[in-house]
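Work through the exercises below with the sequence and the model side by side, trying each task before reading its solution.

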Amino acid sequence: MEKTIAFHDLVIILCGIVMGTIARFVTLRIDTRQNPSYPTGVFINIVIGILASALGSVAIPALLDKEFTAVTFIALAIQHFREVRKTEKDSLEDLEKTEYSKRGAAYIDGIAKTYESRNYLSMLTSLFVVLVLSILSVESLVINLMIAAVSGICMIYFLTRITKGKCIGDICNIKEGKITIDHSDLLVDGMYVTNVLGTERIRELFLKEGIGIVIEPKSDKFRITIENYGQRQAMLFEATRTFGVKRYSFTRKNYKTGKLLLAFIPIIRDPDAIIDVIKKTPVLENSRKINTIMDINIGGDINGAE
């Protein structure tokens, strides 16, 4: 006898798909960092989010109907999401040669992992919503919709909170530094950056249009993070990609003070906006340290207090 899906089960599954898709919309941020901002990139992420939501939504009804192959489909979905991460990673690596400065392997790996984790967020949200609706087993359509909305929002809030990372602005004080030139040496706030300014034209260009940014960690502990080469690349990449580069881009760390210096000649010179972009650069997973490990007396507490 051919099986048909009951209206009540159909409502539960659709509620799970809708809330899972909303979860993907919520995490699909489009800002000055342009990740992702291309229409095709947004479309691909939404479609994959809908598929992840559908898999999460049908898992509980399938298991209740003793269709244990649903577990196999979820395992295949996880494998597929890992392929999505690899595809995103390969795509970003191919684009490296077209950018003003390189993202670096650490930043690319972090972006690719984020893409993968947001698919799990959609799947878990839809699975949780369907589980709650199945346990409560309410017949009223309106009440089911209300329960789905409340449980879905709670799950989205919880998952986004535990997966949210820090930004550079949370651990560093950032300001514009004064550019000076001594012969062929470029200095920012009196700190040496490079000695490649050998011609008068380049020196005039840097003095007139260049910008120097001073990034100071709020605690000595955070020096470990910002002095990480991948983290420095990520900050320079976000600044140069957003505002362009006419000529040159440098990073230099001051071993004595722990300050990090960025200097370049942007196409659009807006110091406040450049500082804001650097503040929003994410702290890379491979450069951050676990609080419990960092909670030692050397260099102050985890909040930067001395």
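**Exercise 1.** In what order do the four strands of the open sheet lie, and with what pairing?

*Solution.* The model is a predicted one, in which local features need pLDDT of at least 70 and side-chain atom pairs count only at pLDDT 80 or more, while totals for chains, interfaces and linings use all residues. Residues are numbered from 1 along each chain as its sequence is written, and side-chain values use heavy atoms, with hydrogens and water left out. Strands are DSSP runs of E with at least two residues, helices are runs of H or I with at least four, and both are numbered from the N terminus; two strands pair if DSSP finds at least two bridges between them. On that basis the order is E1-E5-E7-E6, with antiparallel pairing. Strand E1 (172–177) and strand E6 (247–253) each have a single partner strand, so one side of each lacks a neighbour in the sheet.

**Exercise 2.** Trace how E6 is joined to strand E7 (residues 260–265).

*Solution.* Begin with the pairing itself: six bridges join these antiparallel strands. Next, locate individual partners, among them Phe264 for Ser249 and Leu261 for Arg252. Finally, inspect the hairpin, where six residues lie between the strands and Gly258 has a positive phi near 85°.

**Exercise 3.** Is Thr251 buried, partly exposed or exposed, and which residues does Thr251 contact beyond its neighbours within four places in sequence?

*Solution.* Thr251 is placed in strand E6. Buried means under 20% relative accessible area and exposed over 50%, with partly exposed in between (1.4 Å probe, protein chains only); Thr251 has 23% relative accessibility and therefore counts as partly exposed. With contact taken as heavy atoms within 4.5 Å, the residues touched by Thr251, apart from those neighbours, are Arg232, Leu236, Leu261 and Leu262. For Leu261, 10 residues away along the chain, the C-alpha separation from Thr251 is 5.5 Å.

**Exercise 4.** Which residues of the largest nonpolar core touch the most other members?

*Solution.* A nonpolar core is a set of buried Ala, Val, Leu, Ile, Met, Phe, Trp, Tyr and Cys residues joined through side-chain atoms within 4.5 Å. The largest has 22 residues, and Ile168, Ile213, Ile215 and Ile278 touch the most other members. At least two core residues come from each of helix H6 (168–171), E1, strand E5 (211–217), helix H9 (229–243), E7 and helix H10 (271–279). Taking Ile278 as an example, and not counting residues up to four places away in sequence, its contacts include Ile168, Ile174, Met235 and Leu262.
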